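Okay, thanks for coming, everyone.

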Amino acid sequence: MYDEHYGLSGRPFQLTPDPKFWFDTATHRKAMAYLGYGLSQGEGFIVITGDIGAGKTTLVGHLMATIDRERLHAITLVSTQIEADDLLRIVGAGLEIDCAGLSKAEMLRLIERGLHMVARSGRRTLLIVDEAQALHTSALEELRMLSNFQAGGHALLQIFLLGQPEFRERLNGSSRLEQLRQRVIATHHLDPMGAGEVPAYIHHRLKIVGWAGRPSFTDDAFAALYAASDGVPRRLNQLTGRVLLLGAIEQLDVIDKRAVASVVADMVGDGAAAPMALSTVSTDQPGAAPDGASAPIAFEPPTAEPVAPLPIIGDPALAVSATAGSDAGASTLAGRVTDLDDQLGIYGHRLAALREQIEARDARVEALAAQVSGLDARIVEQEAALRRILTLLIDWIESDSHRPDLATYRGMAG
């Protein structure tokens, strides 16, 4: 409905993951860098975790859309608490092997043969396992055993595991998974996007479907969308889609925080997931906004328990009034405020230094990933050239018509 009203060619905030809407947030850019590094190694496990709705499935879709299918054979598995034998059957199906009625030993033998066939075609095999937190420990152990298959000192199978945060905790905390843990060569946790990324994210998705600036969003609308979604992509998509629907119903050309607050209130009333509750200041209360002006919106975490008041931090004059005119109390509080301000300044400098270090580290990781990709491409070219030379030599040796006539040389020797 709202897509027609605003002249869009599709729904930009649908909940179904679609790789065409891929947006390079800072955390997703890091995930792709780690993926690139891990894939260049051609072995072991790559682990990506994230909360529900963090964009793990979209990450897989983007990866599948960018890989070279001539070099990589990908098998995708969405885990639903499957046992080890079922996992082997799914892997076999990805290698076009019929495992029906076969014993585990037979399945393993055929899977290894299938992996060798893929390798002989010049491709590597990547197994992508989504919802890895639902896998039984026996299935994870079976994955580790599959990663042992190799030919000529090179692994035949590389495994990419995606899961919710509890999978990372389970992987790091279980002694039974120690051997698998030692084979993890790259890992990353997808964090929610930052407040500053929300406007670019929303504009990006709108532009994909032909957005021409209608509706526009105010800055406070972006702030409200971030506060209500915590920067989690799926929550943000759900909320923004509802906001645009409200905009179409009420013929809005500008989306502001009042529209966002209205939608969040409806979602809270419907029982929809909304981590933050928005409340408007009623116009019949003292200090309400004048007619025609936007009432301020407060962001309050829902709680059933009374919230303890925060300590007074701010203008020393406020501290004086809070102590009922006590000079000693005012002086003490003023001194505490000064100390707190100094501490905040120190922490601010430390935070800025840490951010600079993180940015420098990220730049080094990206540069390393680029170098590794270049080396990987050169290795592939050399392998292809060597394969062509070997093929020509084999053809020459096996072809009778090209073998030299040695009879003449034998006669000369006699």
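So, to start us off: what percentage of the residues in the chain is buried? Across the 414 residues of the chain, buried ones account for 36%. Keep in mind that what you're looking at is a predicted model. The chain has 15 helices and 11 strands. And if you take contacts between residues at least 6 apart in sequence, 72% of them join residues at least 24 apart.

Let's go to the sheet. We've got five strands in an open sheet, paired in parallel, and the order reads S2-S3-S6-S1-S7. At the edges sit S2, residues 72-78, and S7, residues 184-190, and each of those pairs on one side only. On average, neighbouring strands here are turned by 15 degrees against each other, ignoring direction.

Now, what packs on that sheet? Helix H2, residues 26-41, does, and it touches S1, S3, S6 and S7. The direction of H2 makes about 170 degrees with that of S7. Then there's helix H7, residues 165-173, lying across S1, S6 and S7 and running at about 135 degrees to S1.

Zoom in on S1, residues 45-50, and you'll see six bridges joining S1 to S7, the two running parallel. If you want a landmark there, Ile 46 stands opposite Ala 186 of S7.

As a reminder, in soluble globular proteins nonpolar side chains tend to be buried together. In this model the largest nonpolar core has 33 residues, and the ones touching the most other members are Leu 87, Leu 127, Leu 143, Leu 146 and Leu 161. The elements giving two or more residues to this core include S1, S2, S3 and S6, along with helices H4, H5, H6 and H7. H5 gives the largest share, five residues.

Take Leu 127 as an example. Setting aside residues up to four places away in sequence, Leu 127 touches Ile 75, Leu 77, Val 91, Leu 143, Leu 157, Gln 158, Ile 159 and Phe 160. Apart from that core there's another, with 31 residues, including Val 209, Trp 211, Ala 224 and Val 260.

That brings me to a helix pair, H10 at residues 219-229 and H12 at residues 257-270, whose axes come within 7 Å. Why call H10 and H12 roughly parallel? Their axes cross at roughly 25 degrees, and angles under 35 degrees count as roughly parallel, so that's the label H10 and H12 get. On the H10 side, the contact is made by Asp 220, Ala 221, Ala 224, Leu 225 and Ala 228, and on the H12 side by Lys 257, Val 260 and Val 264. By class, that's six nonpolar residues, two charged and no polar.

While we're on H10, Ala 227 lies in this helix too. Is Ala 227 buried or exposed? It's buried, because its relative accessible area is 14%, and the cut-off for buried is under 20%. Its C-alpha is 8.2 Å from that of Ala 195, which is 32 residues away along the chain.

Last stop, Gln 14, in the loop between H1 and H2. This one is partly exposed, at 21% relative accessible area. Beyond its neighbours within four places in sequence, Gln 14 is in contact with Phe 21, Arg 205 and Asn 237. And C-alpha to C-alpha, Gln 14 and Thr 240 are 9.7 Å apart in space, though 226 residues apart in sequence.

Conventions:
Residues are numbered from 1 along each chain as its sequence is written. This is a predicted model: local features need pLDDT of at least 70, side-chain atom pairs count only at pLDDT 80 or more; totals for chains, interfaces and linings use all residues. Side-chain values use heavy atoms; hydrogens and water are left out. Two strands pair if DSSP finds at least two bridges between them. Helices (H or I, at least four residues) and strands (E, at least two) are DSSP runs, numbered from the N terminus. Axes are lines fitted to C-alpha atoms, for helices over the stretch in contact, and angles run from 0 to 180 degrees between N-to-C directions. Contact means heavy atoms within 4.5 Å. Angles under 35 degrees count as roughly parallel, over 145 as roughly antiparallel, 65 to 115 as roughly perpendicular and the rest as oblique. Ala, Val, Leu, Ile, Met, Phe, Trp, Tyr, Cys and Pro count as nonpolar, Asp, Glu, Lys and Arg as charged, and the others, Gly among them, as polar. A nonpolar core is a set of buried Ala, Val, Leu, Ile, Met, Phe, Trp, Tyr and Cys residues joined through side-chain atoms within 4.5 Å. Buried means under 20% relative accessible area, exposed over 50%, partly exposed in between (1.4 Å probe, protein chains only).
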